[in-house]
Amino acid sequence: MPYVYDDQNIFAKILRGEIPNDTVLETEHCLAFKDINPQAPVHILVIPKGPYVCFAHFAAEASDAELVDFNRTIGKVCRMAGVAEDGYRTISNAGVNGLQEVPHLHMHILGGQVLGPLLART
Ligand code: AMP
């Protein structure tokens, strides 16, 4: 099934400059900015500038340059935010089961405290 990208999603609007953001780092292919509703002392989102719905879409269709830049940017942001030494968690929610709210690939970087178990038990 082909991936269908909705260019009216909020991160597409951020990339077009239609909505402000608290930028941490911008590269040729990526933007990193603070999450508007932080779930930990450090909560930064890294997104590719290209129109990718989720990680599987990105991994399948992005160029090598985009793939490298995304990974290097995530690592660089971890170091810039000061969480690389004490530890952090990267999460990329996808689709209905992943409870993805914004249909543009984003990697959450969370840290600054002990984060607890990976999944909430309900
Ligand atoms: P997800 O549930 O993985 O799709 O996460 C979407 C994330 O985007 C949530 O953590 C939101 O707090 C965050 N978010 C939504 N709108 C904005 C915005 N305008 N600026 C920064 N973060 C946002």
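Colleague: Which helix and strands each supply at least two residues of the lining of the largest pocket?

Modeller: First, a caution: this is a predicted model. Now the general idea. Rolling a probe the size of a water molecule over the atoms shows where empty space is left. Here, helix H1 (10-15) is on the list, and so are strands S2 (30-34), S3 (42-48), S4 (88-91) and S5 (107-111).

Colleague: How much space lies in the largest pocket?

Modeller: About 1000 Å³. The lining has 33 residues. Closest to the centre are Gln39, His43, Asn93, Glu101 and His108.

Colleague: How many of the lining residues are nonpolar, polar and charged?

Modeller: The lining has 17 nonpolar residues. Another 11 are polar, and five are charged.

Colleague: Let's turn to the ligand. Which residues are closest to the ligand?

Modeller: Asp35, Asn93, Glu101, His106 and His108 are the closest. In total, 16 residues surround the ligand. Keep Asn93, Glu101 and His108 in mind, as they are also among the residues closest to the pocket centre.

Colleague: Which backbone atoms come within reach of the ligand's nitrogen or oxygen atoms? Where should I look for Ile36, Leu99 and Glu101?

Modeller: Take them in turn. Ile36 has a backbone N or O atom 3.1 Å from a nitrogen atom of the ligand. For Glu101, a backbone N or O atom lies 2.7 Å from an oxygen atom of the ligand. Leu99 has a polar backbone atom 3.3 Å from an oxygen atom of the ligand.

Colleague: Stay with Leu99. Is Leu99 buried or exposed?

Modeller: The general idea is to read the relative accessible area. Over 50% counts as exposed. Leu99 has 67%, so it is exposed. Leu99 sits in the loop between S4 and S5. Check its backbone too: phi is positive, about 55°, although Leu99 is not a glycine.

Colleague: Now the strands. How should I read the two faces of a strand?

Modeller: In a regular strand the side chains alternate between the two faces of the sheet. Met107, Ile109 and Gly111 are on one side. His108 and Leu110 are on the other. Both faces of S5 are covered.

Colleague: How many residues of S3 are buried?

Modeller: Seven of its seven. Val42, Ile44, Val46 and Pro48 point one way from S3. His43, Leu45 and Ile47 point the other way. One of these, His43, is also among the residues closest to the centre of the pocket.

Colleague: Next, pairing. In which sense do S3 and S5 pair, and over how many bridges?

Modeller: Antiparallel, over five bridges. Find two partners on screen. Leu45 stands opposite His108 in S5. Val46 has Met107 as its bridge partner in S5.

Colleague: What about S4 and S5?

Modeller: S4 and S5 pair in the antiparallel sense over four bridges. Look for Arg89, whose bridge partner in S5 is Leu110.

Colleague: And how many bridges join S2 to S3?

Modeller: Five, and the two strands run antiparallel. Phe33 stands opposite Leu45 in S3.

Colleague: What joins S1 to S2?

Modeller: A hairpin does, through three residues. Strand S1 covers residues 23-26. Three bridges join S1 to S2, and the strands run antiparallel. Glu26 stands opposite Leu31 in S2.

Colleague: Last topic: sequence distance against distance in space. How far apart are Pro2 and His57?

Modeller: Pro2 and His57 are 55 residues apart in sequence. In space they are 8.8 Å apart, C-alpha to C-alpha. Pro2 lies in the segment before H1. Its relative accessible area is 65%, so Pro2 is exposed.

Colleague: And how far apart are Gly116 and Gly50?

Modeller: These two are 66 residues apart in sequence and 32 Å apart in space, C-alpha to C-alpha. Gly116 belongs to the segment after S5. At 35% relative accessibility, Gly116 counts as partly exposed.

Conventions
Residues are numbered from 1 along each chain as its sequence is written. This is a predicted model: local features need pLDDT of at least 70, side-chain atom pairs count only at pLDDT 80 or more; totals for chains, interfaces and linings use all residues. Side-chain values use heavy atoms; hydrogens and water are left out. On a 1 Å grid over the protein atoms alone, a cavity is a set of points where a 1.4 Å probe fits but cannot get out, and a pocket is an open set with protein on both sides within 12 Å along at least five of seven lines; lining residues have an atom within 4 Å of a point. Grid points are joined across faces, edges and corners, and a volume is the space filled by probe spheres set on the points. Ala, Val, Leu, Ile, Met, Phe, Trp, Tyr, Cys and Pro count as nonpolar, Asp, Glu, Lys and Arg as charged, and the others, Gly among them, as polar. Buried means under 20% relative accessible area, exposed over 50%, partly exposed in between (1.4 Å probe, protein chains only). Two strands pair if DSSP finds at least two bridges between them. A residue is near a molecule or strand if one of its heavy atoms lies within 4 Å of it. A polar contact is a pair of N or O atoms within 3.5 Å; within protein, one must be able to donate a hydrogen and the other to accept it, and residues adjacent in sequence count only if both atoms are side-chain atoms.
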